[in-house]
Amino acid sequence: MSLFDLTFPLAAPFWALMILAPNWRWTERIMKSPWVPLLPLGCYFALVLPHFGEWGRAMLRPDLGVLQALLATPWGAGLVWAHLIAFDLFIARWMYFEGRARGISPWLVSPILLLTIFLSPFGLVVFLVVQCLAGARPRTPAGSPPPDPGSGKVPGYAPSYE
């Protein structure tokens with residue numbers, strides 16, 4: 001099995017938790033870890049490190065022909081795939097928590113996350129539109145003061161970065 005083939009299966013359990021078990025208490029606990037995208041990023045690093053000089057030169061002076069040539073290699077295609085999978089998962093994790101913090105039903109967020117797996121830019125735009133159209137407001141836990149609109153903070157939502 002190549003690193004290309006391994007990348008998505010490393011991310012799939014996290015996607016499954018957010019989509020199929022959004023209200024399970026372990027889903028939130030697991031997804032609170034900022035290290036969730038680390039597994040597919042491991043594939044990225046394993047692919048880029050042996051070619052770091054070549055990739056670095058291409059990134060410092062982007063040229064369409066050079067990028068096409070690098071992406072046509074197995075390591076280049078695998079590298080971009082791992083990058084996409086890791087960052088799609090990072091965005092999905094944000095959407096999962098943002099939906100919860102703003103009171104958007106997880107059963108509405110779940111299909112958007114499914115769309116995000118396949119077409120992440122569309123999924124992100126749909127999530128942002130739903131967020132705006134729903135007039136989703138931050139949830140205020142019972143007994144706590146209403147949010148200060150100027151603070152930018154969502155009461156009851158403090159992701160753990162431990």
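# Questions about the helices

Biologist: What covers the buried residues of helix 3, going by the helices included?
Modeller: Helices are DSSP runs of H or I with at least four residues, strands are runs of E with at least two, and both are numbered from the N terminus. Buried means under 20% relative accessible area, exposed means over 50%, and partly exposed is in between (1.4 Å probe, protein chains only). With contact taken as heavy atoms within 4.5 Å, the cover includes helix 1, helix 4 (52-60) and helix 6.

Biologist: How many helices does the protein have?
Modeller: First, the ground rules: this is a predicted model, where local features need pLDDT of at least 70, side-chain atom pairs count only at pLDDT 80 or more, and totals for chains, interfaces and linings use all residues. Residues are numbered from 1 along each chain as its sequence is written, and side-chain values use heavy atoms, leaving out hydrogens and water. There are 0 strands, and the count of helices is 8.

Biologist: Within what arc do the buried residues of helix 3 fall?
Modeller: In helix 3 (residues 38-48), the buried ones are Pro40, Cys43, Tyr44, Leu47 and Val48. They line one face of the helix, because seen down the axis (taking directions from the axis to the C-beta atoms) they fall within an arc of 125 degrees.

Biologist: What relative accessibility does Glu98 have?
Modeller: Glu98 lies in helix 6. Not counting residues up to four places away in sequence, Glu98 touches Phe127 and Gln131. Glu98 counts as buried because its relative accessibility is 12%.

Biologist: How many disulfides does the count come to?
Modeller: A disulfide is a pair of cysteine sulfur atoms within 2.5 Å. Cys43 counts as buried at 3% relative accessibility, whereas Cys132 counts as exposed at 64%. The disulfide count is 0.

Biologist: At what angle are the planes of the Tyr96 and Phe97 rings?
Modeller: Rings of Phe, Tyr and Trp (its six-membered ring) pair if their centres lie within 6.5 Å; planes under 30 degrees apart count as stacked, over 60 as edge-to-face and the rest as tilted. That gives 6 aromatic pairs. Tyr44 and Phe45 are edge-to-face, because their centres are 5.5 Å apart and their planes are at 80 degrees. Tyr96 and Phe97 are edge-to-face too, because their centres are 5.0 Å apart and their planes are at 75 degrees.
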